[in-house]
Amino acid sequence: MEYIAKMRLINRLLFRRGCRFKILSRGMSLVSQKDVICLFDVDGTITPPRQKISNSMDEFLQKLKQHCTVGLVGGSDISKIADQIGGINALSKYEYVFSENGLVAYKNGLLFHTQSIASYFDEETLQKFMNVALRKLSEITLPFKRGTFIEYRKGMLNISPVGRNCTQAERDAFEKLDEGGNDHEIFKDARTVGHSVTSPEDTMEQVKKLFSV
């Protein structure tokens, strides 16, 4: 989340799926809402995991922009996030979209910050890490395994124990076992008030209470 950590915003709210974390900072004031940025995780927060945004959620987030700055955060690459929110042109609907854990950042639909994992690790180091990861994955037993266990992205290596070639039904089943999260660094930041949600519907209900939308 490199660039997000440098953003000079007074207050940030992060909405993410799951109940592993509680609110990590107190005293959040919504008096000056123009200084608040609401960052929403994508999977499980504004969409069902790896599925498309609903019309009702899309309209809700656009309405919320009247009250605060709205941004999206995801571990997926930008093409996957764009596919979930309505296509590449939909990126311009949000002031900020952070993909690959914040290493690729868009503002109003335009790329303005990027980092590459290749700038920090040479090929030999990357392959050593991949080999260790694949060896560890080979030693665990899951209800099922499919293909593409490691996906090389511009800003990160995505490791999927079940394999990214799984079906949506298999993905949903694995989701119940998965306790992972890629936004913990933002969530625990002292400038952030984190909110755990259970579904896109729960996201809307919590935001309505905070902003009287």
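Guide: The dialogue below treats salt bridges, and then a record annotation, in this predicted model.

Visitor: How many salt bridges does the structure hold?

Guide: A contact counts as a salt bridge when a side-chain nitrogen of Lys or Arg is within 4 Å of a carboxyl oxygen of Asp or Glu. The structure holds nine of them.

Visitor: Which residue forms a salt bridge with Glu170, and how far apart are the closest N and O atoms?

Guide: The partner of Glu170 is Arg146, and their closest N and O atoms are 2.7 Å apart.

Visitor: Where do Glu170 and Arg146 lie, and which parts does the pair tie together?

Guide: Glu170 belongs to helix 5 (residues 168–175), whereas Arg146 is in the loop between helix 4 (123–138) and strand 7 (150–152); the pair therefore ties together parts that are 24 residues apart in sequence.

Visitor: Is Glu170 buried or exposed?

Guide: The label rests on relative accessible area, with buried meaning under 20%. Glu170 has a value of 14%, so it is buried.

Visitor: Which residues do salt bridges that share partners join into one network?

Guide: The network consists of Asp77, Lys80, Glu151, Arg153 and Arg164. Among these residues, Arg153 and Glu151 meet through their side chains in a salt bridge, at 2.6 Å from N to O. Both Arg153 and Glu151 are buried.

Visitor: Turning to the record, which residues does the UniProt annotation "binding site" cover?

Guide: An annotation of this kind may be inferred rather than shown by experiment. In the unreviewed UniProt entry, "binding site" covers Asp41 and Asp43.

Visitor: Where do Asp41 and Asp43 lie?

Guide: Asp41 is in strand 2 (residues 36–41), while Asp43 is in the loop between strand 2 and helix 2 (55–64). In terms of accessibility, Asp41 counts as buried at 12%, whereas Asp43 is partly exposed at 24%.

How values were computed
Residues numbered from 1 in each chain as written. Predicted model: local features only at pLDDT ≥ 70, side-chain atom pairs only at ≥ 80, totals over all residues. Heavy atoms only, no water. Helix = DSSP H or I, 4+ residues; strand = E, 2+ residues; numbered from the N terminus. Buried < 20%, exposed > 50% of the residue type's maximum accessible area, 1.4 Å probe, protein only.
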